[in-house]
Amino acid sequence: MPEKTTILLREDVKDHLLRKVGPRGLSDEINRLLAKALFSKKDSLFGADPWLTTKALRDERDAHEDL
């Protein structure tokens with residue numbers, strides 16, 4: 001159930017949001033941005049170690065020297 005509340009936005013933030021989504025979409029956009037910031041789930045290919053990334057992984061399909 002939606003809850004009514006009052007938030008205070010900086011003038012530049014309010015102007016940007018109004019240009020982007022218009023006055024009718026303001027609440028939806030604020031909710032979307034807050035949900036993304038608060039509840040973002042970052043899945044990693046490596047599971048429990050979020051500090052591991054896919055950067056600098058070599059492609060195993062690269063040509064290897066014949067042994």
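Predicted model: local features only at pLDDT ≥ 70, side-chain atom pairs only at ≥ 80, totals over all residues.
Is Glu29 buried or exposed, and what is its relative accessible area? Residues are numbered from 1 along each chain as its sequence is written, and side-chain values use heavy atoms, with hydrogens and water left out.

**View 1. Helix 1 packs against helix 2.** Two packed helices are described by the angle between their axes and the distance between the axes. Here helix 1 covers residues 11-21 and helix 2 covers residues 26-39; helices are DSSP runs of H or I with at least four residues, numbered from the N terminus. Their angle is about 110 degrees and their axes lie 10 Å apart. Axes are lines fitted to C-alpha atoms over the stretch in contact, and angles run from 0 to 180 degrees between N-to-C directions. Helix 1 and helix 2 are therefore roughly perpendicular to each other, a term for angles of 65 to 115 degrees.

**View 2. Residues of helix 1 meet residues of helix 2.** From helix 1 come Leu17, Leu18, Lys20 and Val21, and from helix 2 come Leu26, Glu29, Ile30, Arg32 and Leu33. Contact means heavy atoms within 4.5 Å. The residues of this contact divide into six nonpolar, no polar and three charged; Val, Leu and Ile are among those counted as nonpolar, and Glu, Lys and Arg among the charged.

**View 3. Glu29 sits in helix 2.** Here is the reply to the opening question: Glu29 is buried, with a relative accessible area of 9%. Buried means under 20% relative accessible area, exposed over 50%, and partly exposed in between (1.4 Å probe, protein chains only). The side chains of Glu29 and Lys20 are joined by a polar contact of 3.1 Å, that is, a pair of N or O atoms within 3.5 Å, where one must be able to donate a hydrogen and the other to accept it. Setting aside neighbours within four places in sequence, Glu29 touches Leu17, Lys20 and Val21.

**View 4. Leu18 lies in helix 1.** Leu18 is partly exposed, at a relative accessible area of 29%. Apart from neighbours within four places in sequence, Leu18 is in contact with Pro23 and Leu26. The C-alpha atoms of Leu18 and Glu29 are separated by 9.9 Å.

Conventions:
Helix = DSSP H or I, 4+ residues; strand = E, 2+ residues; numbered from the N terminus. Parallel < 35°, antiparallel > 145°, perpendicular 65-115°, else oblique.
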